[in-house]
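Please take a moment with the sequence and the model shown below before reading on.

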Amino acid sequence: YPLTLAWVQARKGAWRQSGALLGLVCSIKPFLFIFVPYFILRRQYAALVNFFLTIGVVYLGGFMVFGIQVHLQWIEKLGSINWYWSNLNASILGFLSRSFSQTPMFIPLIDLPEIITPLWIILGGAITVLTCWIIYFDKTDHAVDRSFLLLFLAALLISPLGWQYYTFF
């Protein structure tokens, strides 16, 4: 819902509000940092400032309420994730993990786990560049709609954990 509200605000030309809403969502789901190049490419600097201000306020509030130790524990937990192979993970990393490494639920096409990370980086980079290229040259009346759709899909694909239930946002 907050991502939808950000999209609606962007459609109205209310870029400051859109940036703040995206910052709020990004403070919970960092894969939405993909909107930073969008704001830069579209020269929506007020949205970019509100995006980072909102993230800063949320994190500062979290530090003040819970302390920095809880935040550091959260970062540590993020680093311990090892279930990329889950069938609910629609990301490129999830697909590559299921395809090229042994998992509790899947038999790989070829057991070559060492190629997963390089392939993920190459494919993720290609998707990011292609998405930004399309957005940059899209000057149609529906550019905002197309941009939000493409950015969200790209975020799900290039994120390590592109869970299918993120479509809620």
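Leucine 130 lies in helix 7, where helices are DSSP runs of H or I of at least four residues, strands are runs of E of at least two, and both are numbered from the N terminus. This is a predicted model, in which local features need pLDDT of at least 70 and side-chain atom pairs count only at pLDDT 80 or more, while totals for chains, interfaces and linings use all residues. Residues are numbered from 1 along each chain as its sequence is written, and side-chain values use heavy atoms, with hydrogens and water left out.

Because its relative accessibility is 48%, leucine 130 counts as partly exposed; buried means under 20% relative accessible area, exposed over 50%, and partly exposed in between, with a 1.4 Å probe and protein chains only. Leucine 130 and valine 70 are 60 residues apart in sequence, and their C-alpha atoms are 37 Å apart in space.

The protein chain has eight helices and zero strands, and its C-alpha atoms fill a box of roughly 50 × 45 × 25 Å along the principal axes. Of its 169 residues, 38% are buried.

Phenylalanine 39, leaving aside neighbours within four places in sequence, is in contact (heavy atoms within 4.5 Å) with Trp15, Gly19, Leu22, Gln44, Ala47, Leu48 and Phe51.

Turning to a helix pair, the axes of helix 6 (residues 92-100) and helix 7 (residues 116-137) come within 10 Å and cross at roughly 150°, so helix 6 and helix 7 are roughly antiparallel to each other, a term used for angles over 145 degrees. The contact is made by Ile92, Leu93, Leu96, Ser97 and Phe100 of helix 6 and by Ile116, Leu119, Trp120, Leu123, Gly124 and Ile127 of helix 7. By class, this contact has nine nonpolar, two polar and no charged residues, Gly being counted as polar.

Methods:
Axes are lines fitted to C-alpha atoms, for helices over the stretch in contact, and angles run from 0 to 180 degrees between N-to-C directions. Angles under 35 degrees count as roughly parallel, over 145 as roughly antiparallel, 65 to 115 as roughly perpendicular and the rest as oblique.
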